[in-house]
4 protein chains.
Amino acid sequence: MEDINLHFTGDFHAITAANNLLAAMIDNHLQQGNALSIDARRVTWRRCLDVNDRSLRAVITGLGGPTEGVPRESGFDITPASEIMAVLCLAEDLPDLTARLGRIVVGYTRANDPIRASDLKTQGALTALLKDALNPNLVQTLEGGPALVHGGPFGNIAHGTNSIRATRLALKLGGYALVETGFGTDLGFEKFCDIVARQTGLIPDAAVVIASARALKLHGGAHKKELATEDVDAVRAGMPNLLRHVDNVRLFGLPALVAINIFPTDTEAELAAIEDGLARVGVAAARSDIHIHARGGEGGRRMAAALVDLLGREGAEFRPLYPDDLPLRRKIETVATRVYRAAGVDFVGTAPRDLERYERLGYGALPVCVAKTQYSFSDDPAKLNAPDGFRLSVRSVRLSAGAGFVVALTGDIMTMPGLGKVPAAERIGVGPDGRIIGLD
Amino acid sequence: MEDINLHFTGDFHAITAANNLLAAMIDNHLQQGNALSIDARRVTWRRCLDVNDRSLRAVITGLGGPTEGVPRESGFDITPASEIMAVLCLAEDLPDLTARLGRIVVGYTRANDPIRASDLKTQGALTALLKDALNPNLVQTLEGGPALVHGGPFGNIAHGTNSIRATRLALKLGGYALVETGFGTDLGFEKFCDIVARQTGLIPDAAVVIASARALKLHGGAHKKELATEDVDAVRAGMPNLLRHVDNVRLFGLPALVAINIFPTDTEAELAAIEDGLARVGVAAARSDIHIHARGGEGGRRMAAALVDLLGREGAEFRPLYPDDLPLRRKIETVATRVYRAAGVDFVGTAPRDLERYERLGYGALPVCVAKTQYSFSDDPAKLNAPDGFRLSVRSVRLSAGAGFVVALTGDIMTMPGLGKVPAAERIGVGPDGRIIGLD
Amino acid sequence: MEDINLHFTGDFHAITAANNLLAAMIDNHLQQGNALSIDARRVTWRRCLDVNDRSLRAVITGLGGPTEGVPRESGFDITPASEIMAVLCLAEDLPDLTARLGRIVVGYTRANDPIRASDLKTQGALTALLKDALNPNLVQTLEGGPALVHGGPFGNIAHGTNSIRATRLALKLGGYALVETGFGTDLGFEKFCDIVARQTGLIPDAAVVIASARALKLHGGAHKKELATEDVDAVRAGMPNLLRHVDNVRLFGLPALVAINIFPTDTEAELAAIEDGLARVGVAAARSDIHIHARGGEGGRRMAAALVDLLGREGAEFRPLYPDDLPLRRKIETVATRVYRAAGVDFVGTAPRDLERYERLGYGALPVCVAKTQYSFSDDPAKLNAPDGFRLSVRSVRLSAGAGFVVALTGDIMTMPGLGKVPAAERIGVGPDGRIIGLD
Amino acid sequence: MEDINLHFTGDFHAITAANNLLAAMIDNHLQQGNALSIDARRVTWRRCLDVNDRSLRAVITGLGGPTEGVPRESGFDITPASEIMAVLCLAEDLPDLTARLGRIVVGYTRANDPIRASDLKTQGALTALLKDALNPNLVQTLEGGPALVHGGPFGNIAHGTNSIRATRLALKLGGYALVETGFGTDLGFEKFCDIVARQTGLIPDAAVVIASARALKLHGGAHKKELATEDVDAVRAGMPNLLRHVDNVRLFGLPALVAINIFPTDTEAELAAIEDGLARVGVAAARSDIHIHARGGEGGRRMAAALVDLLGREGAEFRPLYPDDLPLRRKIETVATRVYRAAGVDFVGTAPRDLERYERLGYGALPVCVAKTQYSFSDDPAKLNAPDGFRLSVRSVRLSAGAGFVVALTGDIMTMPGLGKVPAAERIGVGPDGRIIGLD
């Protein structure tokens, strides 16, 4: 696990390095006479680090006098939220990578004209830093099964899908390619459909919704600490959450299979309640026993068979949620009302100005990537199950011109997480055998 | 070249990650109630990035209100200047690495008591991040010769020597181990003798001083742009610089060999002038033709033979420059007056307070690591050749308790470089064949 | 004019000095060990200066290391927005002044307990600085008529009424006391009724609404540059604005007189249109010709007579808009919907948290003081005339515990103005006769 | 006392207002397009407040985004350290005031060309704010004696002399004019001679050095808490301090009278020891009993008579210490070595660059104003009595082009003081009779 989670093949490090080289090039340009007339206060490019460090969310750089750069307010995101991560995951090949990197908008002049990475002649050096990271990584499961692990744009704060190069490779190598799209149908799935499929033509044939009795109990009102106790009523009470995810899949014209992940504490009555609830509305389902019971691939046979069966039975009529030419504001409202079931969207803070600017600069045809908590369909982590009637609050919108979308930040979602009261790092160490301990 | 200079095996990335995890743990501790009563203004641990970014030299972090950390002034160093880099290069094995990481002093309480990484329970997680980076990297030359490339603490701003694990490995695998100690005898060499040898018992038998006609012409007064023109007088005028390096080697009780690196533009008269000047004072010398003429290993035979010969002829009586129990201030003065030939040292800025604190806290027995320009024996890059009579200015002293030395910052030396007027990155790219171009 | 507008009797300077002494006491407490455990990030007290200086709106103070204070984010307001200004204007006498100053909440501990000026033992020194400023200033008109000019809390960003000591003095010295309450009935008038009258028992008998043909034309759609041209239609189109002000007066149970300020460019048709529009709905009106035509007191006779007549005819049944025990949020909504005619209020940014905190700390019974643009009934300066259906946006709420109200900041209203493209200061100077020029 | 020490006639407030209007004009210029190409990092004009507030020494202003100014590092001084204070005290009349205000250098362009207040068209508005403050203030002693109290540039951080307009007025109104020059002969006196006399032609005829047994005991080694105990030996041991002041007076060609201020705890033996020590080297002396014994004017008769006598006996041959055309660096060295008796001067930090810049810009002919502790002849407050052999450390030099001198900041001298552990403000209040208490 740690081989994947720590440094792995260095892709995240390469992305971090490229992200921060671009930042250094911007600040150096300001320092060296600022031939492009960049307004230091309108630089939008942020630095990144792959660490949970809330103290870097808002910083001032360039302090110390005329030889030490130009003072300006900025901040750091976590690496998965870097536009470079999204660019890497959406690039078809090296030339496309270079072109996308060059299109990145890093800030604006005083007259509000955009400045691109290509204006700073940086796209080549960024490509050089990323050229190996662009290649997918092949790993194997404990049973020796192949898996491609490549790219990590979190589904809550980014577009939530692995690299399209990995997906294309998987499609070439196997009969079926399964793509994990981070978090629920409101996040990774919607983004796969509206961003990835739209940009690349990689049209999905079906979607598997992962469910568990534990999660449904939580959505059904059970306390977080009592999820190991049988509570069939809570399972039933939580079913609207699952059904809404299924509805969301169908909203995009795709057949849905619910994979019920089995946990040791689940009871047969609970699992039956899920199956019963799904059957009543005609939703295909299959139990899956891959992970927790350590049955591995064998535990996934039923689910795989059900999926193959579904693909044979139901054809897809994939359609993205909105057309390209819908204004950005309306795109966000469409995702919010149709996928999240919000009553409406409040554009606060800089969001109205941001959207107006992107439309004016010709970026109105881009799809939107909503950064939203994964704990709720709404932007309030406390609103569980299947809330509606709420209003989604968009406080700012960032342009990812290289990745090819705009990012709407909702609620209190942060693009740089913080550590907790007792960080996991306090428990981690290296044992006498040289193996990492504490990564439970 | 780029495989070594860009990401290589990820050691620098691992060091960067560890350095910045420690920073995040400190700021998180401040945020989560500050049980250790750390004074945010007395946090000395800095973040790092492996990029030339002057705008990160002085920053304010933790802005944005009570949920976003504690505001404080800080800064970033380049990764080679991180204490983690020095710790990695000086650690004997994993337990020693963990122990050293735990000893790192990251700041002080309001009562000026030191706070260590171990107080934050971070040494284990840091070790986990570094456990693979601790292993030396074996690469091969174009001719297939083996070389260990491991660790990169620059000799001007850090202690300038590769990892001792690499050196110990080399000593086991071969008859002779050559260690490159960054820059001149005033920097990497002095630090190898006074820090590395002192800490590890790795006592050198001889030192090779690399010289070139071009460098001597520069020290002898020739203009930087005319180094390709024959100028025997300038070579002769620059000889005091070379002879001082030889003297410095002898100061530590070691025999010295001067390797004269041959460049295509050198003339026989110039090379003869060097040899003549050395012979006159009985210094061993040999021409070396490895790099520029692409003669490779063959071009180094003479130098190697001369070195073996020297080792057979002259025994070493190695002695470090100063005893452990000399006060820190006197150690700095000793290096300055005996190795750099300064008339004296001015301790300005926070340096007097820093030194007083380290002595008081019991760190007075540590050796000193002077951060100084590599362009001059003095702290003024413009003072070429063999200056004396100057005063060395120490403006602050940092404690590297994990690495086991204190770092004295002199002159205008920066632990975070800046990019130039036209950064090399502007020329770099990836060619149609997927190879990096512009890294000339 | 400049004797009143520049330093006058130094009241503003005294308020500035008191405001900033309190700030210095807070920061000194943080520096000297922080016995009260104030959370530097939760200090709410801001410094002030009586200058338009946008660069002081958001600052970081306390930089430079452990001896130079504690770094924190803060800002400056213009002096009329200082709570000290409000306190001075609402204080009955020296003991009340001291008590109010002591009650000022300057920030919070990490546990969110309030810290008051009295916790810092500062109320005495503040009183000493303000003791002369507490006394009203008597000036005379060009004709020798007496006027009390005392206190200047702007009606847009503060409570908009001169000191109650001046009003009480006027009531003792004359038959009638006229109080200027800054800007329209939505600002100074509402605040006089809901804050000043509520706190002091100074109940008004009637209200004079000042109108002009020029203003009505602007609200009626005429261009700012064409107000000197006759446009009876625009006057009529702007009448809803004036009538709403009259309605607002009646909302508080007071009789209203409209004083029509005559400008040289007004035409008889325009003035008649105003009178006609008012007469149609039974509103008393009188032309006033005091200022522009330089007729002075004589020009005000008609208006004065009309007011005396009105007072004889219509009795007041004064009632504030809301009861003390209405929650703060509801008070703001009441002002917004009933006085401004908003459709509702959006509490964004820190406003919800702010209000929750004040309720929890027992300040829920205070009246509210809405900081809002004077250019519109709404919080959008561009919405002229008599808009409705809009939503008021409250982005933060400040507690003025010493003054005895909370301040709701709406829209883009700033408590520190900025200078314009060509500041008036560029034209100001002192002529050869020692008189100030350029203050047109 | 408080009438003079608190707001008095508002002169300090007017200076504060003018100082900060100039700052607002600079930042507004940066905001409004920066037609003058000012480098925000090279703005040298600081804001000021008349309060001890260390947290304002180093601040960052202009934060919050493109509409809120340009972020830059700056700071506040205490009002007496403002150049406006010095300008007011040195201005002959309104036109001279305006001219001086216009000459103030507020910063530099990126090309290091100076920007003046006149470039911002601000000198007129500043004059308007200062026109009344320019007039001297006449107060009376408890006995009804007249005194002019006008201007307050502290002698340690500024030039230490009241306004020349007050001095000229005194010379017209009386037979003798006594000018208090702040602190010792090393501060106010030297500055009067080298700055004020040089600029204005107001040449002194003699100097009165104020001495006391208490001060001499402190300089002679007695503990601060035992100054009330007779200690004739300590008095004698402290005499070198007094004699050096007398020497300094003579250095400028002036006759000196020592006025011995009598305190209740002084003993006759102590006073005699002083007189004896002075008589031995032929220095005129007289006891003075004005203040502490409350004998008032009567107590000063002897001193006055002695002064008149001295003036009749000894003629002055006034000469400033250095010629105008001595380089700035040499001027500082001359004051340091001849008046302070330093062994030499170290120019550290930005001082060498500062001086080089001022010479280059044509300000080399200005006199120097050294900011130095008043507790010692040296820049170290702990070095009492008559130290020599020390080195003076100059860490930065500020240009006061409007006042007409450069200010050299030495040692740890601060132009913004801080409050103490228990600020006097905690004891201050207003009594029931409306009188201020706690101002002991």
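Guide: Helix H5 (residues 123–130) of chain A has 7 of its 8 residues buried, so it is largely enclosed by the rest of the structure. This is a predicted model, in which local features need pLDDT of at least 70 and side-chain atom pairs count only at pLDDT 80 or more, while totals for chains, interfaces and linings use all residues. Residues are numbered from 1 along each chain as its sequence is written, chains are lettered from A and ligands numbered from 1 in the order in which they are written, and side-chain values use heavy atoms, with hydrogens and water left out.

Visitor: Which residues of H5(A) are called buried?

Guide: Buried means under 20% relative accessible area (1.4 Å probe, protein chains only), with exposed over 50% and partly exposed in between. By that cut-off A:Gly124, A:Ala125, A:Leu126, A:Thr127, A:Ala128, A:Leu129 and A:Leu130 are buried. Their cover includes H2, H3 and H4 of chain A, together with strands E17 and E18 of chain B.

Visitor: What makes chains C and D partners in an interface, and how many residues are in contact?

Guide: Contact means heavy atoms within 4.5 Å, and 55 residues of chain C meet this with 55 residues of chain D. The area buried between chain C and chain D, that is, the accessible area (1.4 Å probe) that two parts lose on being put together, summed over both, is about 4,600 Å², with carbon and sulfur atoms giving 63% of it. In chain C, C:Gln32, C:Arg54 and C:Ser55 lose the most area to chain D, together 12% of what that side buries.

Visitor: Why is the pair C:Arg57 and D:Glu68 called a salt bridge?

Guide: The term requires a side-chain nitrogen of Lys or Arg within 4 Å of a carboxyl oxygen of Asp or Glu. The closest N and O atoms of C:Arg57 and D:Glu68 are 3.3 Å apart, and the pair forms a salt bridge; the count between chain C and chain D is 6 salt bridges.

Visitor: How do you know which rotation relates chain C to chain D?

Guide: Copies are superposed by least squares on the C-alpha atoms of residues with pLDDT of at least 70 in both. A rotation of 180° with 0.0 Å of shift along its axis superposes chain C on chain D (RMSD 0.1 Å). The two copies are thus related as by a two-fold rotation axis, and in chain C the C-alpha nearest the axis, 2.5 Å from it, belongs to C:Ile60. Because 100% of the interface residues of chain C are also interface residues in chain D, the copies meet through the same surface.

Key:
Helix = DSSP H or I, 4+ residues; strand = E, 2+ residues; numbered from the N terminus.
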